[in-house]
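Dear colleague,

I am handing over the structure below, and I would be grateful if you could look through it alongside these notes. After the structure itself, I set out what was found in it, part by part.

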Amino acid sequence: MRDIFVSNLSERISHWVDAFPESEIIREFATDIQKLDRAVADCDGLVFWLHVNEEKPDRLSHMITKIISQFSSAKIVVLANTPNQADCFSALSAGAVGYAHAYSPSAMLKEIKTVIGHGGLWLGQELLLRLIETSTKLVGNQPAYVNGLLEQLTSREREVAVEVAKGLSNKEVAKLLNITERTVKAHLASTFERLGAKDRLQLALMLNTH
C-alpha cells in the first residue's frame, strides 16, 4: 500500500506524516505525475491525497482525470483548505472517492483510508448532512422498508445506525448514547455488514424517509 500526497507545499503537513509516515509528496503535478515509476502504477492500495488550495472546479476535475487515466486502480481523496459543496460534488463526479479538510487530524485520515479501502465514500460531516438532507427530499424510503432494515439489527446497533443516519459523528453518537467511540465503530461496522452498506452516506440514504 502506498500513499502519495499531491501538494504545492514545501513539505507534508504534520497530520499527514503522523497518519502515513512512509508517504511521499509530489509538488509539480504536470511533470512529477509522469515520473512515478511503473511499480507505483501496479501497486495495490495506492491512494492519492490531492491537496487543493484555490483550484477551479475544472482544474480539479482535470487533475483527478489525469491521475485515474495513469493509475486506473488508484483511489483519490481531495484535501481542501476551504471545503465547499460545489467542489466536493465536482471532485466526486470526476472520480474522487473522498473529500475532506486538508488539516484533518491523523486519526481521521486513517479512518478515511479504511472507509475507501472497503469501497466506501468519504465526505466531511457538514457536506454529508447537506447531501443527506437534499437526497432525502428527492428520494425518501417508505417507513415499512426502513423498519424492515432496522429489524435486522440488534437494539444497540439500531440506536447507533439511526443517529449516524442523521449525520452525527461517532463522537456525538458516543456522547448521546453514553458509550465509547470504539463501541460506536464496532456497532457501525456490524451494521454495514448486516445491511450491505459501504459507508455512512449509503446507510443514511437507506434509513431516511420522506
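In this predicted model, the axes of α9 and helix α11 (residues 181-195) come within 9 Å of each other and cross at roughly 90°, the axes being lines fitted to C-alpha atoms, for helices over the stretch in contact, with angles running from 0 to 180 degrees between N-to-C directions. α9 is therefore roughly perpendicular to α11, on a scale where angles under 35 degrees count as roughly parallel, over 145 as roughly antiparallel, 65 to 115 as roughly perpendicular and the rest as oblique. On the α9 side the contact is made by R156, E157, V160, A161 and V164, and on the α11 side by V184, H187, L188, S190, T191 and R194, where contact means heavy atoms within 4.5 Å.

A few conventions apply throughout. Residues are numbered from 1 along each chain as its sequence is written, and side-chain values use heavy atoms, with hydrogens and water left out. Because the model is predicted, local features need pLDDT of at least 70 and side-chain atom pairs count only at pLDDT 80 or more, whereas totals for chains, interfaces and linings use all residues. Helices (H or I, at least four residues) and strands (E, at least two) are DSSP runs, numbered from the N terminus.

Helix α9 spans residues 155-165, and its buried residues are E157, V160, A161, E163, V164 and A165; buried means under 20% relative accessible area, exposed over 50%, and partly exposed in between, with a 1.4 Å probe and protein chains only. Just after α9, G167 takes a positive phi of about 105°. N178, although not a glycine, also has a positive phi, of about 60°; N178 sits in the loop between α10 (170-177) and α11, and is exposed, with a relative accessible area of 71%.

Turning to the strands, five of them form an open sheet in the order β2-β1-β3-β4-β5, with parallel pairing; two strands pair if DSSP finds at least two bridges between them. The edge strands, each pairing on one side only, are β2 and β5 (98-101), and the twist averages 25° from one strand to the next. Four bridges join β4 to β5, and the bridge partner of A80 is H101 in β5.

The largest nonpolar core has 26 residues, of which I33, F48, L50, I64, F71 and V78 touch the most other members; such a core is a set of buried Ala, Val, Leu, Ile, Met, Phe, Trp, Tyr and Cys residues joined through side-chain atoms within 4.5 Å. At least two residues of this core come from each of β1 (2-6), α2 (29-35), β3, α4, β4 and α5 (85-94). A second, separate core of 21 residues includes L153, V160, I179 and M206.

Finally, there are five aromatic pairs, counted where rings of Phe, Tyr and Trp (its six-membered ring) have centres within 6.5 Å, with planes under 30 degrees apart called stacked, over 60 edge-to-face and the rest tilted. F20 and W49 form a tilted pair, 5.3 Å centre to centre with 35° between the planes, and this pair links the loop between α1 (14-19) and β2 (24-26) to strand β3 (residues 46-52), 29 residues apart. Both F20 and W49 are buried. F48 and F71 form another tilted pair, at 5.1 Å and 40°; F48 lies in strand β3 and F71 in the loop between α4 (57-70) and β4 (75-80), so the pair ties together parts that are 23 residues apart in sequence.

With best regards
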